[in-house]
Amino acid sequence: MPVRDTVIDWSNHHLFQPLLYQVATAMLAPGDIAAPICHLLRRQRNVTVAMAEVTGVDAANRRVLVNYLGRPDMPFAYDYLILATGASHSYFGHNEFAPFAPGMTSLLDAESVRAKVLKAFETAETARGPGAASRPAHLARARPTGPISCARATGAAPARPSQRARLGGQP
Ligand SMILES: Cc1cc2nc3c(=O)[nH]c(=O)nc-3n(C[C@H](O)[C@H](O)[C@H](O)COP(=O)(O)OP(=O)(O)OC[C@H]3O[C@@H](n4cnc5c(N)ncnc54)[C@H](O)[C@@H]3O)c2cc1C
């Protein structure tokens, strides 16, 4: 039986999140880890892609409600619905940590971290005074691949498992 699929995403691109660390540390460009959803699915003739924000589901009438091109709550009819909205970070009840440890799930997040990292290097380059030349610039605490790429970017050795355990990090 022929099937018609509609992919609805508020962003126009598919993002390979595991490489966000590399964008944040200026090792890769944003375009290296993201591709337009339309392009990826261009050979699927039974697929329609809509860039729109899903705002609700009217399950009784089998309709997804979307904010589409400025039109709020526009209904998209469906027979079968798959909701796969991804995940976000959590501070486990400590939202006051957010300004010091911003989450990183989108390209915008990674670009914002990258801006801070590059500015920190620039500031370190121009630092004067006792010990300025030898002052280490380290980025600490991230998920598994984070410390590796950050350490490479800073020229520091990645933390050993024993160090990570002391810092409360994952192996
Ligand atoms: C920094 C980082 C590193 C990671 N490293 C690894 C790793 O090394 N190995 C591993 O296995 N996993 C890793 N993950 C996890 C992995 O990337 C995710 O588990 C995976 O991307 C989840 O896929 P998904 O399709 O469920 O969600 P996503 O890929 O997040 O897709 C969800 C989509 O829904 C869209 N969306 C959300 N809300 C709406 C809405 N209201 N309306 C319209 N569209 C909406 C979003 O734009 C997005 O395109 C990492 C994640 C991060 C953030």
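**Figure 1. Contacts of Met 104 in the predicted model.** In this predicted model, Met 104 is in contact with Leu 20, Ala 24, Asp 109, Ala 110 and Val 113, once its neighbours within four places in sequence are left aside. Met 104 also belongs to the largest nonpolar core, a set of seven residues that includes Leu 20, Ala 24, Ala 110 and Val 113.

**Figure 2. The largest nonpolar core and the parts of the chain that build it.** The seven residues of this core are Leu 20, Tyr 21, Val 23, Ala 24, Met 104, Ala 110 and Val 113. Both α1 (20-24) and α3 (107-125) supply at least two of its residues, and the largest share, four residues, comes from α1. Because domain 1 (5-77) and domain 2 (103-166) both give residues to the core, it lies between them. As a general background to such a view, nonpolar side chains tend to be buried together in soluble globular proteins. Over the chain as a whole, 10% of the 171 residues count as buried.

Figure 3. Although Gly 86 and Thr 105 are 19 residues apart along the chain, their C-alpha atoms are separated by 9.4 Å.

**Figure 4. The hairpin of β5 and β6, with Arg 62 in its turn.** β5 and β6 (63-68) pair in the antiparallel sense over five bridges, and within this pairing Val 57 stands opposite Val 64 in β6. The two strands form a hairpin with four residues between them. Arg 62, which is placed in the loop between β5 and β6, has a positive phi of about 50° although it is not a glycine. Arg 62 is partly exposed, with 14 other C-beta atoms within 10 Å.

**Figure 5. The hairpin of β6 and β7, with Leu 69 in its turn.** β6 and β7 run antiparallel and are joined by five bridges, and the bridge partner of Tyr 68 is Arg 71 in β7. Two residues lie between the strands of this hairpin. Leu 69, in the loop between β6 and β7, is not a glycine and yet has a positive phi of about 50°. With 9 other C-beta atoms within 10 Å, Leu 69 is exposed.

**Figure 6. The close-up views placed within the whole chain.** The chain contains five helices and seven strands, which follow the pattern β-β-α-β-α-β-β-β-β-α-α-α when read along the sequence. Among contacts between residues at least 6 apart in sequence, 44% join residues at least 24 apart.

Methods: Residues numbered from 1 in each chain as written. Predicted model: local features only at pLDDT ≥ 70, side-chain atom pairs only at ≥ 80, totals over all residues. Core = buried A, V, L, I, M, F, W, Y, C linked by C-beta atoms within 7 Å. Buried ≥ 20, exposed ≤ 12 C-beta atoms within 10 Å, placed from the backbone. Domains from an automatic or database assignment. Contact = placed C-beta atoms within 7 Å. Pairing = 2+ DSSP bridges.
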